[in-house]
Every structure is written in structure tokens, then in C-alpha cells.
Amino acid sequence: MGYSGSGKSTLARKLGEMYGEEVLHLDAVYWMPGWKTRPEEDRMRVLGDFLDAHSGWVIDGNYKGMYRERRLMEADVIILMLFNRFSCYHRVRRRLKMYKGSSRPDMAEGCNEKIDLEFTKWIFFDGRTSAKRREYREICRKYSGKAVVLKNQHQTDAYLASCADINIKGE
């Protein structure tokens, strides 16, 4: 979970590979083809079926209304990626260069990568409201034994290295 552009999908992909677990990107579920005309139940069914079918998984994304409490309860580790807004914006711009005019692998087909004023405003302000920060603090409080906060790439790299050490040792 975390701010747009913080690297949630990249980290999820790396953790999925490291642990041999299937990865579900909530952006791909939320923005699935025909999302504007599909009932909300379609998205919920996809996510519910995924959760029911897997004893281990990696899921990236926020989406409060998409079984968030179930995901939080069932997760072994909850990672909150709370990078600063300038870092997130820089990362989104870099991502745009890689995928401009196409969909990235963790996004639904047809959702081509772009940056517009609305998304820029989301990265800098609307996605970082005091209510959103309270939500993240509450998750950390409620799930203190399994919540990990990463605020920059250095912390993310160190976390991944520690996961690789644990995986290698089989602990």
C-alpha cells in the first residue's frame, strides 16, 4: 500500500518472484476492461476469488472498498510505501518514459500510461490528505506487529535484501 509512484507494483513483483507467490495488482482489477460499465461486483469477485484460491499471495494497491480489511487481516506483512511527493512524481515521470502510449504490466490492458494535471494533483495533494495519512497511521497502529513503513528507495532496497536473506536461510 502507499502513495502513487512509490514503487508498490515493482516491489510486489520482486517479492512475488522472491517467494514464488502469485501477484495481484489492484490497479489491473480496478481498471479492468469495461470498468466504466461493469458492476462493482465484478471487481469484488475477481479479488475475492483470488484471495479464496491462494494461501500465499502478494497484492499491491490501496482501494479501501476492495476487501481491504480482509487483505490486512490475512497478510503476513503489510508494507506501506510512503515516499515523499517529489520522489513519487519523479518516479511517475520515469515510468511514463518507459511505457508512454502503452499499458504497463501491472495495469489493465488499454490503460495507457500518462501524466495529466489531475494525476499530478493526485500525486502532490489529493492522494496525501490528512485523512489518508490518518488511515496509514491507523493501519500501523492496528497491525503494528506486521506493518512496515518504507519512506525511500534506500529503505526499500534494505528491506528487499533482508527478505532475500530470510528466504535463503529458509527462516
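Which residues in α5 meet which residues in α6? Let me begin with that contact, and with a word on what we are looking at. This is a predicted model, in which local features need pLDDT of at least 70 and side-chain atom pairs count only at pLDDT 80 or more, while totals for chains, interfaces and linings use all residues. Residues are numbered from 1 along each chain as its sequence is written, and side-chain values use heavy atoms, with hydrogens and water left out.

On the α5 side the residues are Arg85, Phe86, Cys88, Tyr89, Val92 and Arg95, and they meet Phe119, Thr120, Ile123 and Phe124 in α6, where contact means heavy atoms within 4.5 Å. These residues divide into 7 nonpolar, 1 polar and 2 charged, with Ala, Val, Leu, Ile, Met, Phe, Trp, Tyr, Cys and Pro counted as nonpolar, Asp, Glu, Lys and Arg as charged, and the others, Gly among them, as polar. Helix α5 covers residues 85-99 and helix α6 residues 117-124, and the two pack at an angle of about 145 degrees with their axes 9 Å apart. The axes are lines fitted to C-alpha atoms, for helices over the stretch in contact, and the angles run from 0 to 180 degrees between N-to-C directions. The helices themselves are DSSP runs of H or I with at least four residues, numbered from the N terminus.

Now to the aromatic rings. Rings of Phe, Tyr and Trp (its six-membered ring) pair if their centres lie within 6.5 Å, and planes under 30 degrees apart count as stacked, over 60 as edge-to-face and the rest as tilted. By this rule the count comes to 6 aromatic pairs. In one of them, tyrosine 30 and tryptophan 31 have ring centres 4.9 Å apart and planes at 80 degrees, so this pair is edge-to-face. Tyrosine 89 and phenylalanine 124 form a tilted pair, with 5.2 Å from centre to centre and 50 degrees between the planes. Because tyrosine 89 lies in helix α5 and phenylalanine 124 in helix α6, this pair ties together parts that are 35 residues apart in sequence. Phenylalanine 124 is buried at a relative accessible area of 14%, whereas tyrosine 89, at 22%, counts as partly exposed; buried means under 20%, exposed over 50% and partly exposed in between, with a 1.4 Å probe and protein chains only. Both residues belong to one aromatic cluster, formed by Phe86, Tyr89, Phe124 and Phe125.

Let me return to tyrosine 30, which is partly exposed at 23% relative accessibility. Arginine 43 lies over the face of this ring, at 4.2 Å from the ring centre, the rule being that NZ of Lys or CZ of Arg is within 6 Å of the centre and within 35 degrees of the ring normal. Arginine 43 is found in helix α3 and is buried, with a relative accessible area of 6%. Leaving aside neighbours within four places in sequence, arginine 43 is in contact with Val29, Tyr30, Met32, Trp35 and Met66.

Beyond neighbours within four places in sequence, leucine 51 is in contact with Trp57, Ile59, Tyr67, Arg70, Arg71 and Glu74.
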